[in-house]
Structures are given as structure tokens and as C-alpha cells.
There are 2 protein chains.
Amino acid sequence: MSKKKVPGRIYLTEDQLPKAWYNMQADMPNPVAPPLNPSTHKPASGADFEAIFPKDLIEQEMTLERYIDIPDEVMKMYKLMRPSPLIRAYCLEEALGTPAHIYYKYEGNNASGSHKLNSAVPQAYYNKIAGIKKLTTETGAGQWGTALSIACGFYDMACEVYMVRVSYDQKPYRRVIMETYGGSVIPSPSPSTESGRRILREHPDSRGSLAIAIAEAVEVAAGRSDTNYALGSVLNHVLLHQTIIGLEAQKQFEIADEYPDIVIGCCGGGSNLGGIAFPFMRDKIVNHQDIRIIGVEPAACPSLTKGKLAYDFGDASGFTPLMKMYTLGHDFVPSGIHAGGLRYHGCSPIISKLHEDGLMEATSVSQSEVFAAAKLFAKHEALLPAPESSHAIAVAIQEALKCKETGEEKVILFNLSGNGYLDLAAYDNYNHGKIVDAEYTDEMLAEGLKTVPEL
Amino acid sequence: MSKKKVPGRIYLTEDQLPKAWYNMQADMPNPVAPPLNPSTHKPASGADFEAIFPKDLIEQEMTLERYIDIPDEVMKMYKLMRPSPLIRAYCLEEALGTPAHIYYKYEGNNASGSHKLNSAVPQAYYNKIAGIKKLTTETGAGQWGTALSIACGFYDMACEVYMVRVSYDQKPYRRVIMETYGGSVIPSPSPSTESGRRILREHPDSRGSLAIAIAEAVEVAAGRSDTNYALGSVLNHVLLHQTIIGLEAQKQFEIADEYPDIVIGCCGGGSNLGGIAFPFMRDKIVNHQDIRIIGVEPAACPSLTKGKLAYDFGDASGFTPLMKMYTLGHDFVPSGIHAGGLRYHGCSPIISKLHEDGLMEATSVSQSEVFAAAKLFAKHEALLPAPESSHAIAVAIQEALKCKETGEEKVILFNLSGNGYLDLAAYDNYNHGKIVDAEYTDEMLAEGLKTVPEL
């Protein structure tokens, strides 16, 4: 353990920005199961994705190359928001009375308010150079839609966002920020797509889900040659782009002369967790580094902790290729919890494989634990965390309190992936005792898993 | 002009944080006119402030010492948010096609969302060590009230915020964030104070003003021995604390090997402008540095550009000492523009004196100019600016476009004092063509000035 006094905030210079993303697939002990064509159930080829993705991103989805260079035009926009600080939570440590060293990587200091811009920028860029004029996407919490609107605005492209109805209603400011950057926002399920109409016929009051919104956005993109689709999580190329977080963190830990014993990220589709954890996972696999990696889910949407490892669709309508992942069933609609970004039925195939292989842990926390942790953090660290990120805070605090009992000076790193400015309606509910801890029952699991296709 | 390639974001290390604030009063060619006791009209003594301020802050208000050491306990909280970055707006420069070098100091990366925390922290601290249990204050845009709630939360003190009614209605999230940090928020004018009741009798539909909210907060603090009042702008000690912004910027310009030709800040009470400009004003006065300093006001509330230099009250009820400043009259209630933080009838006595002595310029911009500038900036710099700060952006763009005409490579610095996440209702209005450019007429001026007392 280093005895050197580490500064509270560790920045990198622009020159120290990583020049390439890290591809987890290059170092996995067992390969990710291939995606399957949704009709033939045969392994999907690049051609299966060409209707909605540009060639460069399809290549990044498939490749086993270890490092992928970041293009100059992407770097230009990255420099508007990166490197992000690695922050030692001295005041939180003091409040907890823990000997642990708590660090967080703060991704909330850009207009999108979250890490999502890390992948929105290259996705917009690769589509732009492929001649695409417009991107469609889904958004849950609103962070991904905001990020894609900002990236499309920067590269002068159009952006159409299908926003999960429950988030659209809870977060009106999210619509406004997307519109301010030129995006158009449609509550999902919507009557403007066949997927939306199907849901609305069966469930006229549907609060929506990421899977439904994905189905709508994919349907629109698949039908137009100048329009592509962009996904904010789950897929390999998205997690690839997010590794910039962990790569920076590794350089910052070198400056701090420390190394994490535990790396924590919240986990919905997995971009947040993969982004911070994969470069450390490489150390674990290749260098046998003794390090725990923990994904934290909402108790109301526990795919890694309670779901089934199986081939399932990424969307609610069965348009996407089948992916092998921990899933609650693609028709599962989680409760209207306030961490909209984590309300997804499945999980990244890479993370699913790493979890299957015992290389990481997963745990879940309730809404009220999440907001209690968020407020404690906010008071002592003078930042307002997003509810999604606060799942990671809750577990970081749990681990720090274990260290208090054992006296261990463990180094804990978590990803503070976003700020909570546009989640204040959720904080208002919590402040006034209106947060309900949604139960996830065995019946719900059984019901959801019925929709996982038999292959 | 430096030919060295300057990085996009210039950070300082924690060790490089300024250890003392700079007191403009030490170097002014002519002293600030003293405040007057509101009853006797004789120069006010320290004792006149003791009912509402602690001794340390009263001393800072009066002293002519050039540098005031920042206490360790204040530095502890400063390190949660400082140093803030100095950012070279390369992408905005490119979009404008200007040879100018545009820099901004970004103060929006803390939970309060603005520079206001720079003074909230020491004000809470000095009251804490004086044994005070609770602070009252006013807030317009909500930024100051948020900052004081956060600072009081950090030091375990209570905080009661009188929030200008128009902002309270426009910005519900501001109430929530203050409550999240433990503050209690009361829309002003309120029936809970004599000042509030007086206004409500005369104007039951009053939208409030900073001056009314100040009157309420001061009234409450003056009546209780364990309660003091904290002001977010105007006073000398507030501007003193904010000089941390300009002091950091000077160190950052040394790293960039540049020096600003123009320094721009929006100006309501003056803490934003004073904070960035005073250290440069010292260079201008003491070292005869050739530098322009520009304060930017809303056209709807133009105290520096259209007001009268006279002794006037800081609040609407005539509780506060009289201060010599540019004023529109302490009963003047500006239109409900969206830059709530700039809706104040007066201006810092120090800034007023510097303006009277010809050491700085003042200009005003309309609401629609402000939001056009804000959106242009947001698109190219991937940050969402607060409407207040966007007044400075508008003039920075004007100056950069003048450089485009003349070919001059001027170095322009402005203070991006806050982010606009909680101002999205205002952006929504602008996006949908609902921003009205409030007229400020000679009749309004004449009416307002009637309330300036005859001495």
C-alpha cells in the first residue's frame, strides 16, 4: 500500500489520453458465443448487421484485435470531455471511518451528463463517414439519447430518439436537452412503428421498456438506406469504446501509485461496468492480478444475479440477432424504478461470458439502498450522482464498511458514470418517502423466461 | 502571441491551488464609498453588521489587506471542486472562423452547478466557527441557494432559503436539489416574514425579486441569535472569495503561455465578474497591463449600463446598510427573464467604483441573443451553459467575430460560471419560440429610481 499522499483529483494531460480502445475479446479465456441470425438461428455474419450498422462498427463488433486506434476526428470531440478525473473520496472515507481507499472515476462532466458520450461520438463518426444522414436510437434514463443527440449535433447529422415512456414522463428535461442539441424525441411505445403499434394494441397503458424502444428504432433504421441505428450498450463495439474509462483509470492509478483491489460498476446492458472493468480484467486474466470485479444490478431487474444464460433477442419484437446472455426474457418489463438506464432484460454477451467463467461477481441492491448511498455520497463529496451510478456507490460503501470491520486498507474503485441533475424527480420521491422497493418474484422470473426462444 | 499548441483543457494540480484570496480593495486607485447605516446615514461600523454576519466576514468586508489566507477547513472542501479547468474553445473558434483564441473558465463541475459554491463554503465555515447553527439566504436562479445548502450540509448546519417566486415556479428541480442537501426552501415573497407580508398586501401576485427575498432572509436572521444571514453576491467579502477563479486562471494562462486581451463576465450582483476579473484588474492597475474587462448585463435589468450611481439599499425593505452602487432602485422588479441570477437592482460597490473610474466596460444583451449564443456554444463545445453565463458567451462571440473582421488574434477569456441542466425549462421556451425580449423603458427607469433614497 502506498503511503504517499495522493491528491484528491487526478487528471491526465491531453497527451496522456489513450490513443486506442481495448478489446476484451482478445484476452478472454473462452470466446463469446456468436450472435445468431434471428430467422435461421445460424451464426450471424457481418451482412446480417449491414441494414443498421456501418462497416467499421460491424468490424469492431467481431474483431479479436486487442487495440483499436481512436480516429483523429473522434479524438477531437473526446478532447472536449476527456480525460475525466479519478477522484479519491477522502471526505466519504472520513465519514465512513474506513481505512479503505475509495476512488471513483467521474464521467458526469459533459453535456450528456454520463459516460454514454464515449460511445455516441465514435458511433456518430463511423456512420458519418459511411454516408449516413440520420441515426435512430432508444433511450431509457435519457442519458444515451442525450449523448447521441450531442454527438449527431457535433457531426451535423439528424437523430431520432425513441424514449421509454416511463422515463419520458418522469424526466421532461431529458426531452428538452435532446431537442436543444437537435434531436427529435418520441415516447415509446409509439404509434409510428409496427413494433410500437403491436405493444399498444396489447397494452395501451404500456410504460415501455428499453427492449420495446430498441425494436422501434431498429425497425425505422432497417427500412431506410440513409438511416442507421445506434445502440448505447450491450454490444461489443459499445463496450469497446467505453474502455477509455478504465484505460485512463489505469494511468491515473500509476500516478497515484496504487492499484485497485475491487472494481465496481453498475450493470444494466453493461457499458458502464465493461468500460471501467475490462482493462483491469485483462490484468486479472493475463497478469493474474488479484482483483475483484463486481457488477451491481437493481433488485427489480436482476439479469446477472437471477436471469438465465441463454440465447435471447436484444429487443422486444425479435428483430435483432439472438445473443447469448443472462436474460430475464425479452418481453420482461421491469418496474418503473428510477434508474431507467438499468431497466434492461439482458446483459452484454462479453460480460455474461466473463460471469459464466467465474471471472467476476454480481450483486443487486434495492432502490432505497441506492438513494441512501447517493445522499450520503452527495453530502460528503459535493457531487450529485445519477441513480444508476449510485448502485455502484452503494456497493462501494458496503465494501468500505467491511474494511472498517477487518481493518484492511483495500483500494476500491467505482465508476461514477453520471450526474443526477436530471434525476431530481427521483430524489424528490426519495426525500418525501415515496420510493417503493419493487419486488422481483420467482413468478415474474418464470413469466419472463417463457419468452426466451427454444433453439 | 504564443505559437505553442495549447491543450484544450488546462488543469492545475492540487498543490497549485491558490492559498489566499485576492482583495481588490487593496489596489483600487480610489476607495469604495463606505456603506451607510440605514437609519443614521452615517458610515456603518462593523457593529452594524454583527446581527447578521460573523466577525471574520465583517473583517473581510472592510479590510484593505491584499491577500487573505484560505483556512485549511475551507481548502478541504475546495479540493472537492477545484481547481476548475481553463478550456480553450477550439471547436467554437473553428465554427466562428475567428483567429481569436477563446478561453473559458468552467465553474459548472460541482453539485451546485455554479461558481457560487466558492463563497458558500467559506461563509458557512466562518459562521460555523462563530457558533452559528443556521444560515438564511435568498436565491434567484437557485444557484446560490443550492451552493449554500451544500456548504451547510457539509459543515452540518441548517439552511433556510427564500427563493424568488418566479424561479421557484420555473425551476422545481432547484427546490429538490436544495432539499436533497438538507436545505429548506420557501417561495418569496412569503407570508412568514413582515417584509414578505408587506409585499403580498400590495402585490398579491408578486413574482418576487432578489431584493425582496434578501429582505425576508435578513429579517429572520436579525431576529435570532443562533442564526445568521449569507449573501451570494454584491458584498466585498463575497467577491473576495470568488477571486479564486481569476487567480487560478492566471496560473493556467502561464501554463498556456498566453495572456488575455479581454476578460468577460456576466454581471448581476457582480460575484461572477469580480471573481474572474479582479486579479486581472490588479495587473491593469498595478502593472499597466493593456486589458479590457467587460461586464455583461441582461437588457431587462441594466444597472451598470442604465442605472444611477447612488446610495441605495441592498434589499427591498430598507433593512440593509446603504451602499453606493449603480442601481435601478431597490423597489425595481425586473421582468421574469430566465437568467434569474442577474435579476438584481444593484451591483457590487467595488465593481461600481471601478466602472465609475473608467477601468472597465459594461454592455447588455437581450434574452434571444443570449440563448442563440448558448446553443451555438453547446453544439460545438459539448457543454450546456447556464443562461446567466451565456450573457458572457454572447459578448465573447461578438468580440471573436470582430477579430474575424480585423484579423486580430486576440485572446478572449470569459467565465462560464455555471451549467444549464436546471435551466432546461428556459431552453424549452427558446426552442419553441417562446422567449420574449423584455423591454427596459425610460419610464421603468424613472419609476425605479424614485425609490432611491435622498440623503
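**Exercise 1. Decide whether B:Phe280 is buried or exposed in this predicted model.**

Solution. Start with the relative accessibility of B:Phe280, which is 0%. Buried means under 20%, so B:Phe280 counts as buried.

**Exercise 2. Classify the ring pair A:Phe253 and A:Phe280, and work out which parts of chain A the pair ties together.**

Solution. The search over all chains finds 35 aromatic pairs. Take the rings of A:Phe253 and A:Phe280: their centres are 6.4 Å apart and their planes stand at 85°. Planes over 60 degrees apart count as edge-to-face, so this pair is edge-to-face. Next, place the residues: A:Phe253 lies in helix α10 (residues 236–256) and A:Phe280 in helix α11 (residues 271–286), so the pair ties together parts 27 residues apart in sequence. Both A:Phe253 and A:Phe280 are buried.

Now try the rings of B:Tyr259 and B:Phe280, with centres 5.7 Å apart and planes at 70°, so this pair is edge-to-face. B:Tyr259 sits in the loop between α10 (236–256) and β10 (262–266) of chain B, while B:Phe280 belongs to helix α11 (residues 271–286), 21 residues apart. B:Tyr259 is partly exposed, at 24% relative accessible area.

**Exercise 3. Find where B:Ile350 lies and what B:Ile350 is in contact with.**

Solution. First, locate B:Ile350 in helix α13 (residues 349–356) of chain B. Second, check its relative accessible area: at 2%, B:Ile350 is buried. Third, set aside neighbours within four places in sequence; the contacts of B:Ile350 then include B:Met24, B:Gln25 and B:Phe278. Finally, look at B:Gln25: 325 residues separate B:Gln25 from B:Ile350 in sequence, yet their C-alpha atoms are 7.5 Å apart in space.

Notes: Residues are numbered from 1 along each chain as its sequence is written. Chains are lettered from A and ligands numbered from 1 in the order in which they are written. This is a predicted model: local features need pLDDT of at least 70, side-chain atom pairs count only at pLDDT 80 or more; totals for chains, interfaces and linings use all residues. Side-chain values use heavy atoms; hydrogens and water are left out. Helices (H or I, at least four residues) and strands (E, at least two) are DSSP runs, numbered from the N terminus. Buried means under 20% relative accessible area, exposed over 50%, partly exposed in between (1.4 Å probe, protein chains only). Contact means heavy atoms within 4.5 Å. Rings of Phe, Tyr and Trp (its six-membered ring) pair if their centres lie within 6.5 Å; planes under 30 degrees apart count as stacked, over 60 as edge-to-face and the rest as tilted.
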